[in-house]
Amino acid sequence: MTRSPGGLVYGKFWVPGDWLGLDQDKVCRGVHRVAFYLVHGRWPEPNALHGCGYPLCCNAENPQHVHEGTLKQNTAEMFERGRGPLPPVQVGSQAHRSKLTDQQAREIISRAAAEDVSQQALAVEYGVSQPTISYVLRGKRRSLQ
Ligand SMILES: [Zn+2]
């Protein structure tokens, strides 16, 4: 399970790599993506989105719940529902402090490795800038095991 800064919980499944034609034992995929795969027999292009806005929902039989779309579209839908992340607020000395916890930085690194998720999408989800994500992924900000 992954907890996003907004407190939403996303379920994750490990699925056999050959489901995606990958030469890996297991890959990590969001539950709703796996649900879409199981219902439709193919992976959502490019992403599976929640029409209902409920991150744990995996009702892929009903497109009003889980449907295909782009992350850009997903972000637009989140804002329509008033669920989008607020722009980061920087006040005084806090402006120079990291806005990501070590836990979040590790999550970002492992998700970027396991999922086809863009830096921009991660930036929106974690409420930081894309260069911050890039920074974390290049390991310049943190030395993580
Ligand atoms: Zn739903």
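## Histidine 50, a buried residue

Histidine 50 counts as buried because its relative accessibility is 8%; buried means under 20% relative accessible area, exposed means over 50%, and partly exposed lies in between (1.4 Å probe, protein chains only). This is a predicted model, where local features need pLDDT of at least 70, side-chain atom pairs count only at pLDDT 80 or more, and totals for chains, interfaces and linings use all residues. Residues are numbered from 1 along each chain as its sequence is written, and side-chain values use heavy atoms, with hydrogens and water left out.

You can find histidine 50 in strand β5, which covers residues 47-50. Strands (E, at least two residues) and helices (H or I, at least four) are DSSP runs, numbered from the N terminus.

Leaving aside residues up to four places away in sequence, histidine 50 touches His32, Pro55, Cys57, His65, Val66, His67, Glu77 and Arg81. Touching here is a contact, with heavy atoms within 4.5 Å.

Look next at cysteine 57: the side chain of histidine 50 reaches its backbone oxygen at 2.8 Å. Alanine 60 is 10 residues from histidine 50 in sequence, and their C-alpha atoms are 9.2 Å apart in space.

## The zinc site

Which residues coordinate the zinc ion? They are Cys52 (SG), Cys57 (SG) and His65 (ND1), at 1.9 to 2.2 Å. Donors are N, O and S atoms within 2.8 Å of the metal (3.2 Å for Na, K and Ca); water is not among the atoms, so sites may look incomplete. The spacing of the donor residues in sequence is C-x4-C-x7-H.

Cysteine 57 counts as buried because its relative accessibility is 12%, while histidine 65, at 25%, counts as partly exposed.

## Cysteines and disulfides

Across the whole structure, a search finds 0 disulfides, a disulfide being a pair of cysteine sulfur atoms within 2.5 Å. For cysteine 58, the nearest cysteine sulfur is that of cysteine 57, 6.3 Å away.

Terms used
A polar contact is a pair of N or O atoms within 3.5 Å; within protein, one must be able to donate a hydrogen and the other to accept it, and residues adjacent in sequence count only if both atoms are side-chain atoms.
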